[in-house]
Amino acid sequence: MRGTSSYLLGSALLALLPSAANAFYLPGAAPHNYVQRDPVDLYVNALTPMLAGSDNSKLKSLINYDYYNPRFHFCTPNGGAKDQPESLGSILFGDRIFTSPYDIKMLQANATCQMLCTAEIPGEDAQFINERIREDYALNWLVDGLPAAEMKKDMKTGDLFFDMGFNLGNDDDDIPYLNNHYEIVLRYHEPSPGIYRVVGVLVWPSSRGGSQEDESSPDCDVEVPRLGLSENETNNIRYTYRVTWDESDTPWATRWDNYLHIFDPRIHWFSLVNSIVIVVFLCVMVAMILWRTVSRDISRYNAIDLSEDVQEDWGWKLVHGEVFRAPRYPMVLSVMVGNGAQLCAMCAVTLVFALLGFLSPSNRGSLATVMMVCWTLFGGIGGYYSSRIYASLGGVDRRKNTFLTATILPTLVFIVIFLLDFFLLVAGSSGAVPFSTMLLIVVLWFGISAPLSSIGSYIGSRQGGVSHPVRVNQIPRQIPPVPRHLRPWASALLAGILPFGAAFVELYFVMSSLFASRAYYAFGFLALTAGVVALTTGTVTILFTYFNLCAEEYRWHWRAFLTGGGSAFWILAYGLFYWLSRLSLDSFSSVALYLGYLFLICLFDFIVTGTIGFLASYWAVRRLYSAIRVD
């Protein structure tokens with residue numbers, strides 16, 4: 001998985017207000033001014049797999065490799081490569097940034113090719129490199145915070161855009177050829193006389209065979225055959241490069257526009273309009289039920305003379321003495337709702353930060369960093385909701401509830417990440433999270449989030465449970481058979497179709513960004529889609545809860561959570577379809593990584609949407625039974 005968090009960070013204001021993009025810099029990012037002949041640092045990042053470029057191409061691996069992995073034999077700077085400081089999110093998403101030996105100075109072009117170094121590649125390492133070429137691995141460079149890219153053309157619109165990363169080699173003829181020469185084109189803008197800013201980084205790699213003897217100034221304009229690596233003998237390789245400067249009218253504030261390219265914006269609008277139509281339809285349906293059916297029932301119930309000896313109840317009023325009976329496993333339910341509330345708050349605040357443009361694309365990993373920090377700081381929200389729901393459900397072991405709320409989900413996630421990290425280490429990937437970073441995450445979770453969760457749980461316990469408008473009967477009422485479509489798993493699958501249908505188009509772009517190294521920054525669409533999904537989940541869960549109560553099925557608590565989280569099962573099915581249609585993973589490590597990440601995505605979606613469905617149903621049930629008179 002590429003360091004996607006840095007690329008997922010465009011401001012949604014650019015998507016919603018394109019005309020305003022020229023008016024401001026993204027907060028948290030400041031331009032770097034150069035003067036002529038100032039050194040311009042080129043940093044190298046991990047090698048990542050990428051899509052070959054055609055619509056039918058498939059991603060062949062999910063393993064990242066360190067640029068200075070000894071099996072690649074890339075040129076190293078004098079004195080050795082030095083790693084650069086990175087954010088927590090950048091490390092988690094696989095970024096490993098180092099210095100490079102490229103000598104670049106502002107506006108100083110190379111008339112001839114520059115010799116970088118020569119390398120001897122044994123046959124065993126040549127086989128390793130050829131396998132990476134066949135898997136379409138890409139090199140990732142950084143200059144002034146901009147990723148090096150290849151210029152490509154959108155075949156539908158004809159627009160030119162920068163595709164981040166460039167190929168390690170190519171195997172167009174089914175024979176892998178290594179790219180050992182790089183034409184580096186740096187675009188610059190001059191905001192004031194003598195002041196220059198980098199606004200674009202383009203690289204055209206090429207494979208140059210022929211004589212690989214050490215030459216001080218090789219001629220790179222002479223046509224030579226391409227360079228293939230022999231797997232049976234040692235290969236001598238010469239790496240060369242040439243730097244060209246190209247003046248551009250693009251100001252520094254909009255330099256990311258060429259990178260953050262939407263291939264077909266109409267499909268985003270189609271998805272958004274489709275989602276809005278679904279949620280409006282559901283809201284109207286719920287309003288009609290509450291206004292016509294429920295209001296009529298309430299009026300009829302309240303019109304009964306309570307002094308009469310015999311009263312006949314029907315419909316959902318029959319279970320008024322059972323509807324607030326404590327469900328099975330209230331501890332587990334309250335812990336899941338508490339963690340879901342914490343995740344909801346994290347997602348909402350992160351989207352707000354992204355919409356306001358505080359997550360600059362130049363600040364690599366800031367999206368994941370903000371999500372981790374918000375999850376940590378919002379531990380109090382999880383503890384508060386968990387303790388209040390637990391008290392409302394009749395729970396008495398509050399200390400156990402506090403402990404499980406603070407530890408159970410982080411522990412589960414940590415175990416999964418640890419297993420995925422093990423597979424990365426076995427595969428020799430640079431994406432494996434270092435032990436120091438793991439330790440930092442443990443400190444964040446159990447040193448900050450857990451105490452905050454305990455404080456929130458204490459506040460929730462002091463406030464006590466939510467009051468219920470009707471009493472619970474001492475003897476449980478017998479439950480008649482319910483229709484098949486109202487059974488827990490059937491209702492979860494049926495109800496999950498609508499939230500999933502409202503988001504599946506954006507889900508494709510998000511999945512492509514996470515696994516296929518595609519940039520995604522349309523946070524305006526994403527935020528609106530998230531809001532529509534939340535409303536859809538809440539309304540459809542209220543509907544199914546009402547249908548269950550009308551069928552005299554009063555065990556609605558777990559059913560509401562399961563119904564709300566039904567979209568997670570469709571996301572799992574879509575993830576498996578995406579695997580078959582867009583991925584061609586040959587190694588066990590890549591398959592394990594994909595399934596592990598997919599499991600985490602589905603788990604988080606199930607907890608978040610299940611919490612939304614449960615809280616919406618809890619609110620609706622309380623409002624419903626507080627509006628009737630019960631003797």
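# Close-up views of a predicted model

**View 1. Strand β1 is mostly covered.** Seven of the eight residues of strand β1 (residues 42-49) are buried. Buried means under 20% relative accessible area, exposed means over 50%, and partly exposed lies in between (1.4 Å probe, protein chains only). Strands are DSSP runs of E with at least two residues, helices are runs of H or I with at least four, and both are numbered from the N terminus. This is a predicted model, in which local features need pLDDT of at least 70 and side-chain atom pairs count only at pLDDT 80 or more, while totals for chains, interfaces and linings use all residues. Residues are numbered from 1 along each chain as its sequence is written, and side-chain values use heavy atoms, with hydrogens and water left out.

View 2. Two strands pair if DSSP finds at least two bridges between them. Six bridges join β1 to strand β4 (residues 137-143), and the two run antiparallel. Look for Thr48: its bridge partner in β4 is Ala138. Two bridges link β1 to strand β2 (residues 98-99), again antiparallel. Here Tyr43 has Thr99 of β2 as its bridge partner. In a regular strand the side chains alternate between the two faces of the sheet.

**View 3. Ala148 sits in a loop and is buried**. The loop runs between β5 (146-147) and β6 (149-153). The relative accessible area of Ala148 is 2%, so Ala148 counts as buried. Leu202 is 54 residues away in sequence, yet the C-alpha atoms of Ala148 and Leu202 are 5.5 Å apart. Ala148 touches Trp141, Met164, Gly165, Phe166, Val201 and Val203, leaving aside residues up to four places away in sequence. Contact means heavy atoms within 4.5 Å.

**View 4. Arg37 and Leu107 have positive phi values**. Neither residue is a glycine. Arg37 has a phi near 75°. Its place is in the loop between α2 (12-16) and β1. Arg37 counts as exposed because its relative accessibility is 52%. Leu107 has a phi of about 65°. Leu107 lies in the loop between β2 and β3 (114-121). At 23% relative accessibility, Leu107 is partly exposed.

**View 5. Helices α6 and α7 are oblique to each other**. The axes of α6 (residues 330-355) and α7 (residues 366-377) come within 9 Å and cross at roughly 140°. Axes are lines fitted to C-alpha atoms, for helices over the stretch in contact, and angles run from 0 to 180 degrees between N-to-C directions. Angles under 35 degrees count as roughly parallel, over 145 as roughly antiparallel, 65 to 115 as roughly perpendicular, and the rest as oblique. The crossing of α6 and α7 is right-handed. A crossing is right-handed if the near helix is turned clockwise from the far one by less than a right angle, and left-handed if anticlockwise. From α6, Gln342, Leu343, Met346, Val349 and Thr350 take part; they meet Leu367, Val370, Met371, Cys374 and Trp375 of α7. By class, this contact of α6 with α7 has eight nonpolar, two polar and no charged residues. Ala, Val, Leu, Ile, Met, Phe, Trp, Tyr, Cys and Pro count as nonpolar, Asp, Glu, Lys and Arg as charged, and the others, Gly among them, as polar.

View 6. Ser90 is 276 residues away along the chain, and the C-alpha atoms of Ser366 and Ser90 are separated by 7.3 Å.

**View 7. Helices α11 and α12 pack at an angle of about 175°**. The axes of α11 (residues 488-515) and α12 (residues 523-550) are 9 Å apart. That angle makes α11 roughly antiparallel to α12. Residues of α11 in the contact include Leu494, Leu498 and Glu506, and those of α12 include Phe525, Val533 and Phe544. The contact of α11 with α12 has 13 nonpolar, four polar and one charged residues.

**View 8. Helices α13 and α15 meet in a right-handed crossing**. The axes of α13 (residues 556-564) and α15 (residues 588-626) come within 6 Å and cross at roughly 135°. α13 and α15 are therefore oblique to each other. Among the residues that meet are Trp556 and Phe561 in α13, and Phe606 and Tyr618 in α15. This contact of α13 with α15 has nine nonpolar, seven polar and no charged residues.
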